[in-house]
Amino acid sequence: MKPAISWEGVFPAVTTQFRDDYSLDIDATAKVMEGLIRDGVSGMIVCGTVGENCSLTTAEKIQVMEAGKAVAAGRVPVICGIAEFTSEFAIATAKEAAKVGVDGIMLMPALVYSSKPHETAAHFRTVSKATDLPVMIYNNPPVYKNDVTPDVVASLVDCETIVCFKESSGDTRRFIDLRNKVGDRFIMFAGLDDVVVESIAMGAQGWVSGMSNAFPREGETLFRLARAGRYAEAMKLYEWFMPLLHLDARPDLVQCIKLCEHIMGRGTFLTRPPRLALLDHERAEVEALMAAALKTRPELPDVGLKAAA
């Protein structure tokens, strides 16, 4: 059974914007979303890791979902991240997402608890069977300490609402391993910025991207070049982009990505505690990377993106 949906392309993990007092700034968040769509991204992930999901109340998550739905206005799919402590809490959030009318959910393993493989599978199965929304399973073992292996994903082929698998372990062989097990049953998404071209070569049809928040046109262009097999052009852009893409693999990826976004005039660098501002030497490092990237920012090949606003 092939997935009935057609998610593909770059889906930035959209940042959530805060005021100086750390209160949610929904208008600024909507402005960030509009800027990404204007610059040609293929979809949006709201309330993901980069969106500081676990630092938001349920009411705030609903506001962000509503903003995403309203801003997108059907132009691109909007998927909401679900990161909860228990399956019951995840189901409750999925029900709120369905009420808002988002296009799908990105489901993380139950947080905090380091589950056994069959427990991880049971969490995904339980939540997916409680919703009619399309589900993207999210694997990020470096951050969430639970490894959603190809065997775990393959055990979920009977769950009709599970349509997509996002792989952020950095091991691109898993795309082939999963395809060898279940064919094209699941849409496959890259989830780690600095292995995106490798992931596309291994069959990824989409990319949940952090750094595309700061450089959405570059991200979408890189993705389309690789998908089209235009690797000589893709590698030139990839090599330029790589120092920044490495930031997506750091523990402080949210602070780094929001700082880059701020430098580009697209959002604020503020993150909610426990995420604190980068230390002075860390900020200087990121600023130096951005200065070098902007100095050598390449002209982008034509991949069919609409003209920049």
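Q: What makes V112 count as exposed in this predicted model?

A: The relative accessible area of V112 is 71%, and exposed means over 50%, so V112 counts as exposed. V112 sits in the loop between β4 (104-107) and α4 (117-128). Together with F85 and F89, V112 makes a nonpolar surface patch of about 350 Å².

Q: Why is the pair of Y138 and Y144 called edge-to-face?

A: Two values go into the description, because a pair of aromatic rings is described by the distance of the centres and the angle of the planes. The ring centres of Y138 and Y144 are 5.9 Å apart, and rings pair if their centres lie within 6.5 Å. Their planes stand at 75°, and planes over 60 degrees apart count as edge-to-face, so the Y138 and Y144 pair is edge-to-face. By this rule the structure has 5 aromatic pairs.

Q: How do you know whether Y138 and Y144 are buried or exposed?

A: Buried means under 20% relative accessible area. Y138 has 4%, so Y138 is buried. Y144 has 15%, so Y144 counts as buried.

Q: What sits over the ring of Y138?

A: The charged end of K166 does, 3.6 Å from the ring centre. The cut-off for that distance is 6 Å. In another such arrangement, the charged end of R283 sits over the ring of F269, 4.8 Å from its centre.

Q: What makes F215 and W240 an edge-to-face pair?

A: Their ring centres are 5.4 Å apart and their planes stand at 85°. The limits are 6.5 Å for pairing and over 60 degrees for edge-to-face, so the F215 and W240 pair is edge-to-face. The pair links distant parts of the chain: F215 is in the loop between β8 (206-209) and α9 (216-227), and W240 is in helix α10 (residues 231-245), 25 residues apart. Ring pairs also join F215 and W240 with F241 in a cluster.

Q: Why are F215 and W240 called buried?

A: With buried set at under 20%, F215 at 0% counts as buried. W240, at 11%, is buried by that rule as well.

Q: How do you know that K99 and E96 form a salt bridge?

A: Their closest N and O atoms are 3.7 Å apart, and a salt bridge needs a distance within 4 Å, so K99 and E96 form one. Both residues lie in helix α3 (residues 87-100), 3 residues apart, or about one turn of the helix.

Q: What makes the salt bridge of R174 and D147 a tie between separate parts of the sequence?

A: The closest N and O atoms of R174 and D147 are 2.6 Å apart. R174 lies in helix α7 (residues 173-182) and D147 in the loop between α5 (141-144) and α6 (150-154), so the pair ties together parts that are 27 residues apart in sequence. R174 counts as buried at 13%, whereas D147 counts as partly exposed at 31%.

Q: What makes the backbone of E52 stand out, and is E52 buried or exposed?

A: E52 has a positive phi of about 60° although E52 is not a glycine. E52 is found in the loop between β2 (44-46) and α2 (58-72). At 0%, against a limit of under 20%, E52 is buried.

Q: Why is the protein called as compact as a globular protein of its length?

A: The protein has 12 helices and 8 strands. Its radius of gyration is 18 Å, close to the 19 Å that the globule rule gives for 309 residues, so the protein is as compact as a globular protein of that length. Buried residues make up 58% of the 309 residues.

Methods
Residues are numbered from 1 along each chain as its sequence is written. This is a predicted model: local features need pLDDT of at least 70, side-chain atom pairs count only at pLDDT 80 or more; totals for chains, interfaces and linings use all residues. Side-chain values use heavy atoms; hydrogens and water are left out. Patches are made of residues with over 30% relative accessible area and no salt bridge: like charges are joined within 9 Å, nonpolar side chains (Val, Leu, Ile, Met, Phe, Trp, Tyr) within 5 Å. Accessible areas come from the Shrake-Rupley method with a 1.4 Å probe; for residues, only the protein chains shown count as cover. A salt bridge is a side-chain nitrogen of Lys or Arg within 4 Å of a carboxyl oxygen of Asp or Glu. Helices (H or I, at least four residues) and strands (E, at least two) are DSSP runs, numbered from the N terminus. Buried means under 20% relative accessible area, exposed over 50%, partly exposed in between (1.4 Å probe, protein chains only). Rings of Phe, Tyr and Trp (its six-membered ring) pair if their centres lie within 6.5 Å; planes under 30 degrees apart count as stacked, over 60 as edge-to-face and the rest as tilted. A charge sits over a ring if NZ of Lys or CZ of Arg is within 6 Å of the ring centre and within 35 degrees of the ring normal. The radius of gyration is taken over C-alpha atoms; the globule rule is 2.2 Å times the number of residues to the power 0.38.
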